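Please consult the sequence and the model alongside the text.

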Amino acid sequence: QVQLVESGGGLVQAGGSLRLSCAASGRTFSSYVMGWFRQAPGKEREFVAAITGSGTSTRYVDSVKGRFTISRDNAKNTVYLQMNSLKSEDTAVYYCAARTSADGEYRYWGQGTQVTVSS
């Protein structure tokens, strides 16, 4: 069982930056693939980024490549999403999620944190 708590959301102007954090409970954090997802009003939730348990491999949706960076600190049981050059279309509730490498789907989800980018 993993519990996830996001923080770091807020209101920022277009072109600005935010860093989201997701703190996880449990002693096996490094065994989980961690992901960030987002859901904008009236839209389906979409994948944003993911990082393997060791942190050596990452993946991004095309729309954030070059602007967002996912990272993790296994000593702190925390995953981060650094968001730069924010655009109004990045406005959404951002969720972190966890899955084991054997799982096909993310089993554990945080409650979400709102990111609003003003143009």
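Q: In this predicted model, how many bridges join strand 3 to strand 8?
A: The model under discussion is predicted. Strand 3 and strand 8 run antiparallel. The number of bridges joining strand 3 to strand 8 is 6.

Q: Why is strand 8 described as largely enclosed by the rest of the structure?
A: A residue counts as buried when its relative accessible area is under 20%. Strand 8 is largely enclosed because the buried residues number 5 of its 6.

Q: What is the phi of Asn 77, in the turn of the hairpin formed by strand 7 and strand 8?
A: Asn 77 lies in the loop between strand 7 (68–73) and strand 8 (78–83). With a relative accessible area of 17%, Asn 77 is buried. Most residues other than glycine have a negative phi. Asn 77 instead has a positive phi, of about 55°.

Q: Is Ser 85 buried, partly exposed or exposed?
A: Ser 85 is placed in the loop between strand 8 and strand 9. Its phi is positive, near 50°, in a residue other than glycine. The relative accessible area of Ser 85 is 40%, so the residue is classed as partly exposed.

Q: Which two residues does the disulfide join?
A: The structure holds 1 disulfide. A disulfide is a covalent bond between the sulfur atoms of two cysteines. Here the S to S distance is 1.9 Å, and the residues joined are Cys 22 and Cys 96.

Q: How many residues apart in sequence are the parts that the pair of Cys 22 and Cys 96 ties together?
A: The link of Cys 22 and Cys 96 is right-handed, with 40° about the S-S bond. Cys 22 belongs to strand 3 (residues 18–24) and Cys 96 to strand 9 (residues 92–100), so the parts tied together are apart in sequence by 74 residues.

Q: Is Cys 96 buried or exposed?
A: Its disulfide partner is Cys 22, which is buried at a relative accessible area of 0%. The relative accessibility of Cys 96 is 0%, so Cys 96 counts as buried.

Q: Which residue of strand 3 is the bridge partner of Val 5?
A: Strand 1 and strand 3 run antiparallel and are joined by 4 bridges. In a regular strand the side chains alternate between the two faces of the sheet. In strand 1 (residues 4–7), Leu 4 and Glu 6 make up the covered face, while Val 5 and Ser 7 make up the uncovered one. The strand 3 partner of Val 5 is Ala 23.

Q: Is Ser 21 buried or exposed?
A: Ser 21 is a residue of strand 3. Beyond four places in sequence, Ser 21 touches residues including Val 5, Glu 6, Trp 36 and Tyr 80. Its relative accessibility is 16%, so Ser 21 counts as buried.

Q: How far apart in space are Trp 109 and Gln 1, C-alpha to C-alpha?
A: Trp 109 lies in strand 10 (residues 108–109) and is partly exposed, with a relative accessible area of 29%. Leaving aside neighbours within four places in sequence, its contacts include Leu 4, Tyr 95 and Cys 96. Trp 109 and Gln 1 are 108 residues apart in sequence, but their C-alpha separation is 11 Å.

Q: What is the distance between the C-alpha atoms of Glu 44 and Thr 58?
A: Glu 44 sits in the loop between strand 4 (32–39) and strand 5 (46–51). At 72% relative accessibility Glu 44 counts as exposed, and beyond four places in sequence it touches Arg 38 and Gln 39. Glu 44 and Thr 58 are 14 residues apart along the chain, and their C-alpha atoms are separated by 22 Å.

Q: How many charged residues are in the lining of the largest pocket?
A: The largest pocket has a volume of about 160 Å³. Its lining comprises 13 residues, with Arg 38, Lys 43, Glu 46, Glu 89 and Asp 90 nearest the centre. The lining divides into 2 nonpolar residues and 3 polar ones, and the number of charged residues is 8.

Methods
Residues numbered from 1 in each chain as written. Predicted model: local features only at pLDDT ≥ 70, side-chain atom pairs only at ≥ 80, totals over all residues. Heavy atoms only, no water. Disulfide = S-S within 2.5 Å. Helix = DSSP H or I, 4+ residues; strand = E, 2+ residues; numbered from the N terminus. Buried < 20%, exposed > 50% of the residue type's maximum accessible area, 1.4 Å probe, protein only. 1 Å grid on protein atoms, 1.4 Å probe; cavity = no way out; pocket = protein on both sides within 12 Å on 5 of 7 lines; lining within 4 Å. Points joined across faces, edges and corners; volume = space filled by probe spheres on them. Nonpolar A, V, L, I, M, F, W, Y, C, P; charged D, E, K, R; others polar. Contact = heavy atoms within 4.5 Å. Pairing = 2+ DSSP bridges.
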